Amino acid sequence: MFVSFKILVSSLLAGLIHLDILVFGQFMISRPIVVGGIFGYFLGIPQYGLLIGVLFELLYIIEIPVGIKVPVDATSSTVFSIVGFEISGCLILSLIFGFFIGFLYKYVDMLTRSLNSVVLSWVDTAKNEVVIKRINLLIFYGIIFTYLRTVLFYLISFSSLGYLLCVLCKFLPSRIIFDVHSLISILPALGIGICINHFLEK
Amino acid sequence: MKSSIFCVFIRSLFLECVWNYERMQNVGFAFSIIPFLKRLYKDKEKLAKKVKLHFGFFNTHPYFASIILGITMKMEEKYLKGEVSQDEVIRNKTMLAGPVAAIGDRLIWSSWRVFCSVLVCSYFLLHGKNFYNELNILPGLIGFLLIYNLIGHIPIRIVGLYLGYHYSYQIIEKIAKFGPQKVVKLIRSLGIIILLIVSFVYSLSLLDIKRDVILFWFNIFLSMLLSRKINWSLVVVFLFLVNFLFYWLVIK
């Protein structure tokens, strides 16, 4: 019961944070490092929130939305990893699952961007007296639709992939789950190397 | 006047709200400019026609879009005075979007945002491999958000809107003269220096297991090398698997 409550509230909170990516402002509240801190505090595991946040911040550091490119979603990776770790207790597997969730969310995002094209005709065909009203409603639709789609995405992924994560954790040898902290301390090197190369590029 | 510019600024925060593949940021742009057009056109028919004209294709960097919004506002005023044609207003808006996006992508997305991420990660990693156990994390996170938004993000949006309105499209010339490329170079050089210092300090904290220090630098070197040739995500997956197998064998 308590786990279900955590999953529900996490999904609702993640939906709000996701609005920062595209819908409102881009203040970078949705960056993994900030999301890691917020969810870490919320779930009572601030250290692991920070650890996962720093790791994903570094790994996704050069994933940028240049032009019309839809980037892999670092926010969903971080959120899933932290909540996955909280419900399964397995850090390594949560990180792996989280990493791939980012790619999954990217395709959900692309799909909804395509759907957004469909609603444009609502303004195109509008009579002059309702044009402004319909544009305002479109913005409202954008906020609500993005929020609901994100919450639904998390609810489905937590309840399906989260369950799979818990099952897999039971089969893994406990040493793999708990004795790989050396591996975790090496992982920032990947992001650092990729970032140095990015800065060196012309 | 000031209040309508402020309204445009607040609304421009929703620029990408209904981003779509057909006309991209068109909904956000039309939504943003409505308060200004309302000031210019009291007749609702004319206003609606004007808003519809701004509902066409538009795509640029979301922060730097404020410059184009400012320029378009100025052009709309000039159109009312009969100094420019309607076509020129729309053509300028669409033509400026590309160059402005190029500046924004390079200056903000691939330099300033990455640099701020490097800063905040460095702040934590400087505490060594157990950084996550020892720290009060709030100062780092709040510092990141304040530096990113108060130095880069918000000033660009506000100043861009005002400068775009006051200088019209001459602002692009002024930006080019200012030399964003120099700023990009400076940010990137600083970023590399910070990353090298952090890597060195961090690797000192791994000294209790010497194998880890070697592995840490080996991973930095390899990820640098590989990310020149292949996509970053493949580099991460490949190196993660290599490291995981290595540790698994060591643990065994």
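**Reading the helices and their contacts**

Modeller: Let us begin with the inventory of elements. Chain B contains eleven helices and zero strands, and this is a predicted model.

Colleague: What are the radius of gyration and the span of chain B?

Modeller: A compact globule of 252 residues would have a radius of gyration near 18 Å, whereas chain B has 24 Å. The C-alpha trace of chain B spans about 80 × 35 × 30 Å along its principal axes.

Colleague: How many of the residues of chain B count as buried?

Modeller: Of its 252 residues, 44% count as buried. Among contacts in chain B with a separation of 6 or more, 71% join residues 24 or more positions apart.

Colleague: How is a pair of packed helices described?

Modeller: Two packed helices are described by the angle between their axes and the distance between the axes. In chain B, helix α5 (residues 86-125) and helix α7 (residues 138-167) have axes that come within 9 Å and cross at roughly 155 degrees. An angle over 145 degrees counts as roughly antiparallel, and α5(B) and α7(B) are therefore roughly antiparallel to each other. The crossing of α5(B) past α7(B) is right-handed.

Colleague: Which residues make the contact between α5(B) and α7(B)?

Modeller: From α5(B) the contributors include W112(B), L119(B) and F124(B), and from α7(B) they include G140(B), F144(B) and Y148(B). By class, the residues of this contact of α5(B) with α7(B) are ten nonpolar, two polar and no charged.

Colleague: At what angle do the axes of α5 and α7 of chain A cross?

Modeller: In chain A, the axes of helix α5 (residues 91-119) and helix α7 (residues 131-171) come within 10 Å and cross at roughly 150 degrees. That makes α5(A) roughly antiparallel to α7(A). The crossing of α5(A) past α7(A) is right-handed. Among the residues in contact are F97(A) and Y105(A) of α5(A), together with R149(A) and F153(A) of α7(A). The contact of α5(A) with α7(A) has 13 nonpolar, three polar and one charged.

Colleague: How many residues does each chain give to the contact between chain B and chain A?

Modeller: Chain B gives 72 residues and chain A gives 61 residues. Elements of chain B that give two or more residues to this side include α2 (26-40), α9 (180-204) and α11 (232-251).

Colleague: Which element of chain B gives the most to the side that touches chain A?

Modeller: That element is α10(B), with eleven residues. By class, the side of chain B that touches chain A has 46 nonpolar, 14 polar and twelve charged residues.

Methods:
Residues numbered from 1 in each chain as written. Chains lettered and ligands numbered in written order. Predicted model: local features only at pLDDT ≥ 70, side-chain atom pairs only at ≥ 80, totals over all residues. Axes fitted to C-alpha atoms, helices over the stretch in contact; angles between N-to-C directions. Helix = DSSP H or I, 4+ residues; strand = E, 2+ residues; numbered from the N terminus. Parallel < 35°, antiparallel > 145°, perpendicular 65-115°, else oblique. Left-handed = near helix turned anticlockwise from the far one by under 90°. Contact = placed C-beta atoms within 7 Å. Nonpolar A, V, L, I, M, F, W, Y, C, P; charged D, E, K, R; others polar. Rg over C-alpha atoms; globule rule 2.2 N^0.38 Å. Buried ≥ 20, exposed ≤ 12 C-beta atoms within 10 Å, placed from the backbone.
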